[in-house]
Every structure is written in structure tokens, then in C-alpha cells.
Amino acid sequence: MNTNYDIIIIGAGPAGLTAAIYACRARLNTLLIEKASVGGQVIITEKIENYPGFPEGINGFELIENMRKQAESFGMVTVADEISAITVNGSTKTITASSGNTYNTKAIVITTGANFRKLNIPGEIELTGKGVSYCATCDGPFFRNKDVVVIGGGDSAIEEAIFLTRFAKKVTVIHRRAELRAAKILQERMFSNPKIVFIGDTVPLSITGTQKVESIKVKNVKTNTEQTLETSGVFIFVGTDPNTAFLKNTLTLDEQGYIITDENLQTSAEGIFAAGDCRKKPFRQVITACGEGATAVFSAEKYVENHSA
Ligand code: NAP
């Protein structure tokens with residue numbers, strides 16, 4: 001296998017696939033490395049209604065499949081490998097995978113995205129897959145005519161709570177503050193949905209159940225009152241953590257592990273760029289991830305041109 005590339009893209013979510021489209025069209029010798037399968041978090045999103053060009057909205061899996069086909073039509077080559085380290089030796093970067101494979105490249109675009117954050121409360125890990133879930137699209141249909149609880153107050157929590165009302169009898173949204181972080185349009189839909197009950201200023205303490213989830217204990221942070229809610233499911237949407245652990249000795253990350261870049265999306269290492277949810281930024285959307293994938297390749301292309309013999 002050729003292991004000398006112009007550009008290697010790490011991660012195949014919306015940012016990585018857009019980067020691949022732009023890099024292949026620029027006729028750079030490109031490789032996309034993904035540890036599992038193409039997609040990222042977006043493939044478990046039932047409906048994306050703010051990605052321009054789809055007035056009826058589009059299913060996350062379908063959108064990603066379209067991006068993959070588009071990138072492949074321009075010659076995208078992918079390999080499955082999990083990256084464990086990057087070493088920089090002037091204009092040559094060496095990427096080492098846990099498989100033992102190494103890849104040399106002039107430029108790198110990191111698009112490793114982010115993963116679901118855990119609550120770290122008793123019962124969460126033990127009951128994952130037994131009523132505790134991080135994916136409404138995957139597990140919602142198991143809760144037909146049952147009561148479920150959603151934890152979180154961001155776009156994901158509210159969007160997924162609304163989606164869960166297709167199946168559940170009642171959806172209780174528990175959020176640690178009174179004000180929601182989610183977009184106003186989602187809040188309007190949530191508050192007008194008769195199947196959703198909102199409990200603010202409340203944090204989850206523990207999830208209990210023997211074979212499967214039976215209840216969740218919560219505490220009102222204003223009154224310190226604790227209560228136990230009977231429920232069949234607990235859906236957790238409390239944000240994400242970046243997939244950047246393998247970079248902590250190579251790049252400057254912020255205190256939460258997000259990659260710090262300049263306006264050209266260059267990281268603290270010359271020739272290494274970052275795009276999408278793994279990057280420190282104020283707004284994480286599919287559309288912004290795609291835009292950054294294109295910008296990162298634009299910058300990487302200039303870097304490759306300036307460092308070619
Ligand atoms: P998010 O916006 O970071 O929201 C996380 C929510 O969980 C917040 O309400 C937060 O409370 C709460 N939370 C965090 N840690 C918690 C803890 N330990 N215990 C209890 N609650 C906790 O995350 P997200 O909703 O997953 O969204 C991630 C990004 O994707 C965002 O940029 C979002 O806009 C974007 N997104 C967009 C769409 C869309 O446009 N359709 C859909 C989904 C996601 P506080 O509010 O108090 O911090």
C-alpha cells in the first residue's frame with residue numbers, strides 16, 4: 001500500500017467526508033482513515049431539518065451516505081484503522097495506528113468529531129442497553145406506550161424528546177437549569193407537545209433496576225428535594241466530548257480536549273489542520289462541520305504546494 005500521501009484525513013463524519021470531496025477534486029494524493037465506519041454522530045439522527053437544500057429535512061444516515069457516494073465518485077480511498085499517535089518531522093508527518101501500520105503524509109486534516117458524554121451516576125453503565133440509551137433513533141421503538149425520561153436541555157435532548165413522543169406514552173425532560181439551551185423552535189415544539197413534561201432545575205442522581213431500568217432518582221437543585229420517578233427508559237443527551245485523546249502530546253488542546261486552531265483551521269502544528277466537532281468553536285452543526293472540512297483542505301492544499309520539492 002502507498003503510505004506517502006499529500007493529505008490524510010482522520011475521521012469520516014460530515015467534516016471528514018467534505019474534506020475528502022475537496023481534496024480528491026484538488027487531485028491531492030488523499031487517504032481517509034476511519035476507525036469504525038463512515039458516519040459519525042449524525043448517522044443516528046432521525047431527521048436533520050437545518051441542512052440547506054432539503055426542504056423536507058433529511059435522515060442523518062441518508063445524508064452521510066450521499067456524502068460518501070459523492071466523495072467516492074471523486075476517487076476517495078478509505079482505510080479502517082485506529083490512530084494512536086502523530087509525529088511531526090518537519091514537513092513529513094507520520095501517523096501510527098494501533099494496528100502497527102504507519103502512514104506518511106505532508107498534511108493532515110483531523111475530523112475525529114466527538115462522542116456522547118456520560119453522566120457518571122450509579123446505574124448508568126450497568127443499565128446501558130437495558131433501558132439507558134444515548135440514541136433515540138436506535139432505541140425509541142422499544143419504548144412504545146411506556147414512560148421515558150430524557151436528560152439534557154440542548155438541541156439533542158429536545159429534538160430527541162420530541163422524536164420519542166412517536167413511541168412513548170409520556171416523555172419527561174429533566175434539565176439542570178430552568179432555561180433550555182436548545183433552539184427556540186425546538187422549545188416551542190416541546191412545550192406545545194402534550195406528551196412531554198418538563199422538569200427544570202433538576203439533576204439525576206442514580207438509575208435503578210434489576211434486569212432493566214425501573215426508576216431514576218433526581219434532585220431539585222433549588223430546594224434540594226429528592227424524588228424517584230418510575231420509568232422504563234433513560235435517554236441521556238448531555239453534550240459531547242471530543243475524540244482527541246491521541247493528540248494530547250502533539251497539539252494544543254483546550255481544557256476540555258477540543259483542538260485549538262487559527263482562522264485557517266491550522267492547529268498548533270504546521271501542516272496539521274482540524275475541522276468539525278473536535279475543534280474548539282462556539283457552534284457545532286452539520287453545516288459548520290462541512291464548511292470547515294472544505295476550509296481545512298483549502299489551507300492544507302496551500303501547505304502541500306509550499307512544501308513540495
Ligand atoms: P449541548 O448543546 O452541549 O447541550 C448539553 C445539555 O446537557 C445542556 O443543556 C447542558 O446543560 C446539559 N448537561 C451537560 N452536562 C450535564 C450533566 N453532567 N448533567 C446534566 N445535564 C448536563 O449538547 P447537544 O445537545 O448534544 O448538542 C451538541 C452540539 O450539536 C450543539 O452545538 C448543538 O447545537 C448541536 N446540535 C444541533 C442540532 C440541530 O441543529 N438540529 C441537533 C443536535 C445537536 P446546560 O445548558 O446547563 O449547560
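**View 1. R68 and E72 sit about one helical turn apart in helix α2.** The two residues are four apart within this helix, which spans residues 60-73; helices here are DSSP runs of H or I with at least four residues, strands are E runs of at least two, and both are numbered from the N terminus. This is a predicted model, in which local features need pLDDT of at least 70 and side-chain atom pairs count only at pLDDT 80 or more, while totals for chains, interfaces and linings use all residues. Residues are numbered from 1 along each chain as its sequence is written, and side-chain values use heavy atoms, without hydrogens and water. R68 and E72 form a salt bridge (a side-chain nitrogen of Lys or Arg within 4 Å of a carboxyl oxygen of Asp or Glu), with their closest N and O atoms 2.8 Å apart. E72 is partly exposed at 39% relative accessible area (buried means under 20%, exposed over 50%, partly exposed in between; 1.4 Å probe, protein chains only).

**View 2. D241 meets R117 in a salt bridge.** Here the N to O distance is 3.1 Å. D241 belongs to strand β16 (residues 240-242) and R117 to the loop between β7 (114-116) and β8 (132-133), so their pairing ties together parts 124 residues apart in sequence. Both are partly exposed, D241 at 34% and R117 at 26%.

**View 3. D254 pairs with K280 in a salt bridge.** Their closest N and O atoms lie 3.8 Å apart. D254, in the loop between β16 and β17 (272-274), is linked to K280, in the loop between β17 and α6 (286-306), 26 residues away. D254 is buried at 10% relative accessible area, whereas K280 is partly exposed at 43%.
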